[in-house]
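I opened this entry to record what I looked up, step by step.

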Amino acid sequence: MYNPQLETFLRVADAGSFNKAAEELFITPPAVIKQITSLESSLDVQLFLRSPRGLKLTKAGKSIYRDAQYIIQYCKDSVVRAKNAAQEGDKAIRIGVSP
């Protein structure tokens, strides 16, 4: 329901490293870098300051970080609500009689 790159973005921001995020996500570091680069490109904004000491969020990155947390949680809650609504419809009682 949401862009999976947001999940990767959150992991990278929390880990402070592409390599650590890749380990947590069980994917390769180049795959993580590609997702972040693609996200930055699609948003047309730089999310991280890259240095030999690691990664640091830009002001735009900090803003997206807060919003991404909200978006992901809202999507998860939405799915739970939809599943609960679907289960409510399954609680029908049917009575059959024969002539």
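The model is a predicted one. I began with helix 1 and helix 3, which pack with their axes 9 Å apart and at an angle of about 110 degrees. An angle of 65 to 115 degrees counts as roughly perpendicular, so helix 1 is roughly perpendicular to helix 3. I noted the crossing of helix 1 and helix 3 as left-handed.

Next I listed who makes the contact. Helix 1 contributes Pro4, Gln5, Leu6, Thr8, Phe9 and Val12, while helix 3 contributes Val32, Gln35, Ile36, Ser38 and Leu39.

Then I turned to the nonpolar core. The largest one has 18 residues, and Phe9, Leu10, Val12, Phe18, Val32, Ile36 and Phe48 have the most contacts inside it. At least two residues of this core come from each of helix 1 (4-15), helix 2 (18-25), helix 3 (29-43), strand 2 (54-57) and helix 4 (59-89). Helix 1 gives the largest share, five residues.

Leaving aside neighbours within four places in sequence, Phe48 is in contact with Phe9, Val12, Ala13, Ile36, Glu40, Leu55, Lys56, Leu57 and Thr58.

Thr58 was my last stop. Thr58 sits in the loop between strand 2 and helix 4. Is Thr58 buried or exposed? Its relative accessible area is 12%, so Thr58 is buried. Not counting residues up to four places away in sequence, Thr58 touches Gln46, Leu47, Phe48 and Leu49. I also looked up polar atoms of the Thr58 side chain: one lies 2.7 Å from the backbone oxygen of Gln46, and the backbone nitrogen of Gly61 lies 3.0 Å from a polar atom of that side chain.

Conventions: Residues numbered from 1 in each chain as written. Predicted model: local features only at pLDDT ≥ 70, side-chain atom pairs only at ≥ 80, totals over all residues. Heavy atoms only, no water. Core = buried A, V, L, I, M, F, W, Y, C linked by side-chain atoms within 4.5 Å. Buried < 20%, exposed > 50% of the residue type's maximum accessible area, 1.4 Å probe, protein only. Helix = DSSP H or I, 4+ residues; strand = E, 2+ residues; numbered from the N terminus. Contact = heavy atoms within 4.5 Å. Polar contact = N/O pair within 3.5 Å; in protein donor to acceptor, adjacent residues only side chain to side chain. Axes fitted to C-alpha atoms, helices over the stretch in contact; angles between N-to-C directions. Parallel < 35°, antiparallel > 145°, perpendicular 65-115°, else oblique. Left-handed = near helix turned anticlockwise from the far one by under 90°.
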